[in-house]
Amino acid sequence: MSTHVELPSYREQAPEVAARFARLQQRPVALEVSGLTKKFETPRGVVTALSDVSFSVHKRELMCVIGPSGCGKSTLVRILAGLETATAGELKVYGEPVSGPGPDRGMVFQGYTLFPWLSVKENVMFGPKMAGKSSFTAEREAREWIDLVGLAKFENSYPHQLSGGMKQRVAIARALANQPRVLFMDEPFGALDAQTRCKMQSYLLDIWKNVDITIVFITHDLDEAVFLSDRILVLDANPGRVAEIVEVPVPRPRSEQQLFDPTFMATRKHIDHMMHPPGQEQKEAPVLRMAVADPDVI
Amino acid sequence: MARPAILRGWFLIRRDLPHGRRVLLTVVSFLLPLALWCVVSYVPWIWHPDVKIELSAEREGVTTVFTAGDHVSREFFPEFVEAVRQENAAVLAAREAGTPGSGAKRKNQKLLRQLAPLAVEQGWLDYTDGQNDAVLYHVWRDLATGARTSADPKLTPENLDIVRRNWAVMSALSPDFSYKQLPDEPLLKIVPQGMPANPVYLPAPHEVFRAAKRDFTAEVPTGELTMGQRYRQSLHIIIAGFLWACVVGIPLGILCGVFDFFSKLLEPFVDFFRYMPAPTFSTLLVAVLLAGDAPKVALVFIGTVFQMILVVSKTTRLLDPALLEAAQTLGAKPRQMITKVVIPGILPNLYNDLRILLGWAWTWLVIAELIGVKSGLTEFIETQGRFRNFERVFPVIILIGVTGFVTDQILSWLHGLLFPWAGKSGNFSRAVASFVSWPFRMVAAGARERIAASEMSTPEVRRNEAS
């Protein structure tokens, strides 16, 4: 399928979008990553997973990190969350250097990672209780977050009784209940079916609109990245390094109709080309000959 | 031709059977061995190559002695009976000829004891008292006069006749036992009696049930233990040994599973130690802990604890590490990660591990009860087994089996009650769980409300005080 419509350059921004980016630049820097490098010792020698990755995310920005598989985007987010240590480089949250995991940086995993022995409410209460809040306070706060993700009816259910989308909403509520300064999401909707994923993306934007939170979102889905992001960090593979940081020219508020906007398609095409340069496409799959040709199958 | 519906669908590869059929097969799985046991025991031509001797006799000039309870082959038994009959015929012939032998007092005393197994079986004599000639003398008298009859084993008419003939000779000399008053002439020997038997000493079901009824309800002389007391003694040893193993094994197992330090420090040695058979320490344990229950409890402990450490540490390591990472990003400190994530997370699997390990503990019980001073159910099994009273042994073995099985079934059912979140419990056990936990939840809710009230009221109070 090829559309021979001339797309505008993704760099062309409507005035209100340009103004918005200008305002974003004025905000304080929530997360600053500089010179992040990660090397793994393997039997075959040292493998560089991330090489000198630097970027910054502003307060209340939603940034997606995208890249071909093996580019180290999961490693990057795990380092940012403090679950792995970097070989070199520095990480600052609102100007303060951090190392190791901490409640200031929340994380939503692809595999939900809800505690199966706790009910929805108790899962969401986990963070506040770790922070030393009383059961009563934690429960009151948890209820608000559960309301926010629309699961009030299920607060006493156990995770195994919920669908994948509901589980991920609980995981988001659980991360937010800790009121982290930055929220990392590692392909959170990767395990969901296409329809649920669409819904969850809209949900996430709704939540983001209502909550004071900065989000770094890892994905390998182009549409998801363009649909959600203010800016997209495109990673190169082998070694993983920043290829480009793309400002998404699609105006907010976003809706599914925008999937076919020229700005949306231009951005999508640009990133697609960056990740899969033309000429490097795979050769066509060999055709298996049918004994009897079927004219209805072309 | 289509097969009827009842025959279809029994053998589907990797497919569950419907509920009704599952229940049916479960019942059959117990009935089948029982039926097999009955068939082997009661159908005479199936598997009875032996004769179990009920009443035996000693033959002149033959050194091989058979006692009651021995098995002989079916071919040999008639030969044995015939030999005794011929000896009796010779005695009678001599008596008819007017030349009865003499000097047979000693042999006659032994001959009287031929009825001892019968007297024991009938409960007229204790099995340890087989040479109580005074009682046996009266057994002869009562059987001859018909004051007592033996139902099991039932005396053949031939033997009843012999009893009467002998009693006629004996009673002429003395009404009560006295070695000096025993006849000097040879008496007639009881002809051997036996019943068809299998060669593995497998008693018939009715014998086992009868023995069980008798042993489990029997009044015992003072100083000996009733079956109930023995059962409690055995349960005490296994529970104490297992609990001690839990107290030591679970914390160590969890530590090994959580910290590589403890894993590398403890597990290699534990892995080595568990291959040393626990019973080999029995003499050491008795020497250190002396007689009594302590060495037995210690044996169950040693037999269980090393396995427990390894199994628990493995279970702990199987916990999804992503849960720990999630807890970390939520601000959990190392201690909280153990108490709030590791322990609750492994509980259902840990519970199942303990169920399996409790089964192991049962196997150590029998050995534990044999060391030092024999005790409990095993002492009974040992003693009765030695006397070849296998019909009295089997009920106790079955009792142990039933106890283990029932315990495991109850624990398995409780799993659903205790861990509803593991998602394996049925609606029924979930309902019971919610019913059982209701009062606790109410108390907790009440407490929460009180805290809420106090949190709300505190500022009020302060404001009032200020004004």
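Predicted model: local features only at pLDDT ≥ 70, side-chain atom pairs only at ≥ 80, totals over all residues.
Figure 1. One of its partners is in its own chain: A:Glu84 meets the A:Arg78 side chain in a salt bridge, 2.8 Å from N to O. A:Glu84 itself comes out at 23% relative accessibility and is therefore partly exposed. The other partner is across the chain boundary, where the side chains of A:Arg78 and B:Glu325 form a salt bridge at 2.6 Å, N to O.

**Figure 2. The interface of chain B and chain A, seen residue by residue.** Chain A puts 27 residues into the contact and chain B puts in 24. Together the two chains bury about 2200 Å², and 68% of that is on carbon and sulfur atoms. Who carries the area on the chain B side? Look for B:Thr329, B:Leu330 and B:Trp421: this trio supplies 33% of what chain B buries against chain A, more than any other three residues. As for polar contacts, three residue pairs are counted between the chains, with both residues at pLDDT 80 or more. In terms of helices, H12, H13 and H16 (427-466) of chain B each bring at least two residues to the side that touches chain A. H12(B) gives the most there, with seven residues. As for the scores, the model has an ipTM of 0.88 and a pTM of 0.78.

**Figure 3. The largest nonpolar core draws on both chains.** This core holds 60 residues, and the members that touch the most others are A:Phe115, A:Phe126, B:Phe242, B:Met308 and B:Val341. Chain A's helix H3 (120-130) gives two or more residues, as do several helices of chain B, including H8 (227-258), H11 (294-317) and H15 (390-418). H13(B) is the top contributor, giving 14 residues to this core. Zoom in on B:Phe242 and you find B:Val300, B:Thr304, B:Met308, B:Leu354, B:Leu357, B:Leu358 and B:Ala361 touching it, residues up to four places away in sequence aside. There is also a second, separate core of 52 residues, with A:Leu114, A:Ala171, A:Leu176 and A:Leu183 among its members.

Figure 4. B:Ser313 belongs to helix H11 of chain B, and its relative accessibility is 0%, so it counts as buried. What does B:Ser313 touch, leaving aside neighbours within four places in sequence? The list is B:Gly253, B:Cys256, B:Gly257 and B:Glu267. B:Ile250 is 63 residues from B:Ser313 in sequence, yet their C-alpha atoms are 8.4 Å apart in space. The other serine, B:Ser234, lies in helix H8 of chain B. With a relative accessible area of 1%, B:Ser234 is buried too. Its contacts, again leaving aside neighbours within four places in sequence, are B:Leu365, B:Glu369, B:Gly376 and B:Leu377.

**Figure 5. Salt bridges within each chain.** The whole structure has 34 salt bridges over all chains. One of them links A:Arg143 and A:Glu139, at 3.1 Å from N to O. Both residues are in helix H4 (residues 135-148) of chain A, four residues apart, or about one turn of the helix. Is each end buried or partly exposed? A:Arg143 has 36% relative accessibility and is partly exposed, whereas A:Glu139, with a relative accessible area of 8%, is buried. Over in chain B, B:Arg141 forms a salt bridge with B:Asp142, the closest N and O atoms lying 3.0 Å apart. B:Arg141 is partly exposed at 29%, while B:Asp142 is buried at 9%. Back in chain A, A:Lys121, A:Glu139, A:Arg143 and A:Glu155 are joined into one network by salt bridges that share partners.

**Figure 6. Where to be careful in chain B.** Chain B averages a pLDDT of 86, with 94% of its residues scoring at least 70. Residues 459-467 of chain B have pLDDT below 50, and this stretch makes zero contacts in the model beyond near neighbours in sequence.

Note on methods
Residues numbered from 1 in each chain as written. Chains lettered and ligands numbered in written order. Heavy atoms only, no water. pLDDT = per-residue confidence, 0-100. Contact = heavy atoms within 4.5 Å. Core = buried A, V, L, I, M, F, W, Y, C linked by side-chain atoms within 4.5 Å. Buried < 20%, exposed > 50% of the residue type's maximum accessible area, 1.4 Å probe, protein only. Buried area = accessible area lost by both parts, 1.4 Å probe. Salt bridge = Lys/Arg side-chain N within 4 Å of Asp/Glu carboxyl O. Polar contact = N/O pair within 3.5 Å; in protein donor to acceptor, adjacent residues only side chain to side chain.
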